[in-house]
Amino acid sequence: MFDVLRREAIYLWYYFDIQFRQIFKYWVLGIVIGSVISVFAKDKIHGLFAKMNGKKWGVFGVFPASLLGIASPLCMYGTIPIAASFANKGMRQDWLAAFMMSSVLLNPQLIAYSTALGSTALAVRIISCFLCGAAAGLLVRAFYRDKPFFSFGKFEEPVSHDTDPNMLLRLLKNIWRNIKATSSYFLIGVVLSAVFQRYVPTDAFVSLFGSNEGFGVLMAATIGVPLYACGGGTIPLLLEWLADGMSLGNAAAFMITGPATKITNLGALKSVLGIKRFCLYLLFVMGFAFVTGMVTNIL
């Protein structure tokens, strides 16, 4: 019995070591890029969005709003108070929806993580998240033009932690906060990937997620709901799944539903949407993920 356990531990360590060596540099790159943008560019990005207020861009404003949401380094709990401050200053609801939706799905740090998946998967992730944000804005404009969609209540703009007068120390503190926030999820992701490699038969996985059929896309979108905890933690899993035969469209569906239904994001969104609009949000996310997966597989 002991020999069996020892052999299995050796196998798991072997897979863990391979995955860790393969993905670690992307995790470090993501932390550094995310911290640099947070310290040196966050205010400029949000300033650009604020300058959109009052512009007569109409429906076309959802596209720059979605791009700026992707560029923003904030998580959802940081984005909602910022969005509330924009709303109090008269920012249009459709532009806010585009900004918030794309911000939920992607940020510069996660883009850096996702380079580990290859240029094609990275391009699919960026384009699909941008279009998802724009689509959310367009739907809010179409159905909530003359009635409120958000209810921000008494949300106030968050206090920035990047206040040290020494810019180098400010950056180092931000990097350390990022390490503390993501390291456990990153390691869990690598461990799960090692377990997957050791115990899940490739043929069984490919038969379920390797096809271009709608059922595989729907399954991939669905497993994104319970499995997603942190972007950095899912990259090792996606890397292994793609290597084992998961279609790119199925991966795209997972990459949309995962962050959009992350439990902390859902709690924050429910507080500003209310139950009816929150359910509409979930239907939109699942529907968009499914369509994105199918279109990606076809292309």
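These are my notebook entries on what I looked up in this structure.

**Entry 1: the model and its confidence**

I am working with a predicted model. I looked up confidence before anything else. The protein chain has a mean pLDDT of 80. Of its residues, 82% reach 70 or more. I then asked which helix has the lowest confidence and which the highest. Helix α9 (residues 202-209) is lowest, at a mean of 63. Helix α7 (residues 119-143) is highest, at 93.

**Entry 2: the overall build**

I counted the elements next. The protein chain has 13 helices and zero strands. Of its 299 residues, 49% are buried. Then I turned to contacts. Among those with a separation of 6 or more, 84% join residues 24 or more positions apart.

**Entry 3: the core**

What is in the largest nonpolar core? I found 78 residues there. F49, M101, F152 and Y281 have the most contacts inside this core. Helix α13 (residues 263-298) gives the most to the core, with 11 residues. I noted a general point beside this. In soluble globular proteins, nonpolar side chains tend to be buried together.

**Entry 4: F49 and its partners**

I searched the whole structure for aromatic pairs and got nine. One of them joins F49 and F86. Their ring centres are 4.9 Å apart, with 80° between the planes, so the pair is edge-to-face, the class for planes over 60 degrees apart. F49 belongs to helix α2 (residues 42-51), and F86 to helix α4 (residues 76-88). The two residues are 37 residues apart, and the pair links distant parts of the chain.

Are these two residues buried or exposed? F49 has 0% relative accessibility, so F49 counts as buried. F86 has 6%, so F86 is buried as well.

I also noted that F49, F86 and F99 make one aromatic cluster. Leaving out residues up to four places away in sequence, I listed what F49 touches: A65, L68, F86, M91, W95, L96 and F99.

**Entry 5: the W57 and W95 pair**

I looked at W57 and W95 next. They form a tilted aromatic pair. The centres lie 6.2 Å apart, and the planes are at 40°. W57 is in the loop between α2 and α3 (62-71), while W95 is in helix α5 (residues 93-105), so the pair ties together parts 38 residues apart in sequence. W57 is partly exposed because its relative accessibility is 39%. W95 is buried, at 0% relative accessible area.

How many of the α5 residues are buried? I found 12 of the 13, so I call α5 mostly covered, taking buried as under 20% relative accessible area. The buried ones include W95, L96, F99 and M101.

**Entry 6: two loop residues**

I checked S72, in the loop between α3 and α4. S72 counts as buried because its relative accessibility is 0%. Not counting residues up to four places away in sequence, S72 touches I45, H46, F99, S103, N107 and P108.

G54 sits in the loop between α2 and α3. Is G54 buried or exposed? G54 has 66% relative accessibility and so counts as exposed. Its C-alpha atom is 7.6 Å from that of M91, which is 37 residues apart along the chain.

Terms used
Residues numbered from 1 in each chain as written. Heavy atoms only, no water. Phe/Tyr/Trp six-rings, centres within 6.5 Å; stacked < 30°, edge-to-face > 60°. Helix = DSSP H or I, 4+ residues; strand = E, 2+ residues; numbered from the N terminus. Buried < 20%, exposed > 50% of the residue type's maximum accessible area, 1.4 Å probe, protein only. Core = buried A, V, L, I, M, F, W, Y, C linked by side-chain atoms within 4.5 Å. Contact = heavy atoms within 4.5 Å. pLDDT = per-residue confidence, 0-100.
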